[in-house]
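Please find below my notes on the model you sent, arranged as numbered points.

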Amino acid sequence: MAEKLELELEVVTPDRLVVQEKVDIVMATGALGEFGILPNHIPFLTTLQPGELRYRKDNQLEYLAVTGGFAEVSDNKVTILAEAAERAREIDIDRATRARERAEKRLAIARTEAIDFLRAESALKRSLLRLRIAEKGR
Ligand code: ATP
């Protein structure tokens, strides 16, 4: 019988190792949109957009929020070097809600005051992403 091909996933941030597991498939949000990695994928390198990362293991889907970084695929290993990454169940919903409210207030006054629009917009995107992924972890 053919040996089962294995794919290893590692998600690393400046603070910690978030995931280190053998998985069946990885889907992530690259610069050009969502991409999927199966075993035996060709070597591949891309930047990541703030977005969802999900993987399947033993028929179970796991979701993470990833706020940006790089993905590298080589020798059946997917390495995600992320600015920040949280598993769905690790996301603090109150904190993400507060971050969303702060960002929305800043954006609302952005036309009249010299605030950093792009910074507030990025913070809003991160908070909305976290709230969306947290829903999936319930
Ligand atoms: P906040 O304003 O709440 O700090 P942020 O978007 O500025 O949000 P980041 O700079 O993306 O936060 O992340 C800083 C650190 O805090 C990272 O380690 C990230 O994983 C963690 N983090 C941020 N928001 C949450 C959250 N809602 N739940 C769990 N961890 C979070």
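1. A polar contact is here a pair of N or O atoms within 3.5 Å. The model is a predicted one, and in it a polar side-chain atom of E86 lies 2.5 Å from an oxygen atom of the ligand, which means that this pair falls within the 3.5 Å limit.

2. Two further pairs belong beside that one. An N or O atom in the side chain of R130 is 2.9 Å from an oxygen atom of the ligand, whereas D92 takes part through its backbone, where a polar atom is 2.8 Å from a nitrogen atom of the ligand.

3. Which residues are around the ligand? Besides E86, D92 and R130, the list holds D15, A84, E90, I91, R95, A96, R102 and R126.

4. As for the fold, the chain has ten strands and two helices, and, when it is read along the sequence, the pattern is β-β-β-β-β-β-β-β-β-β-α-α. Taken along the principal axes, the box filled by the C-alpha atoms of the chain is roughly 65 × 30 × 25 Å.

5. The domain assignment divides the chain into domain 1, covering 7-88, and domain 2, covering 91-136. To the contact between them, domain 1 gives twelve residues and domain 2 gives eight residues. The centres of the two domains, taken over C-alpha atoms, are 24 Å apart.

6. How much area do domain 1 and domain 2 bury between them? The value is about 850 Å², with 66% of it on carbon and sulfur atoms.

7. The interface of domain 1 and domain 2 also has charged and polar pairs to consider. By the rule applied, three salt bridges cross this interface, and five residue pairs are in polar contact across it, with both residues at pLDDT 80 or more. On the side of domain 1 that touches domain 2, the elements that give two or more residues are β6 (51-57), β7 (60-66) and β10 (85-87), and the largest share, four residues, comes from β7. By residue type, this side of domain 1 divides into seven nonpolar, three charged and two polar residues.

8. A salt bridge that can be inspected directly in the model is the one in which the side chains of R132 and E52 meet, with an N to O distance of 3.0 Å.

Notes:
Residues numbered from 1 in each chain as written. Predicted model: local features only at pLDDT ≥ 70, side-chain atom pairs only at ≥ 80, totals over all residues. Heavy atoms only, no water. Domains from an automatic or database assignment. Contact = heavy atoms within 4.5 Å. Buried area = accessible area lost by both parts, 1.4 Å probe. Salt bridge = Lys/Arg side-chain N within 4 Å of Asp/Glu carboxyl O. Polar contact = N/O pair within 3.5 Å; in protein donor to acceptor, adjacent residues only side chain to side chain. Nonpolar A, V, L, I, M, F, W, Y, C, P; charged D, E, K, R; others polar. Near = heavy atom within 4 Å.
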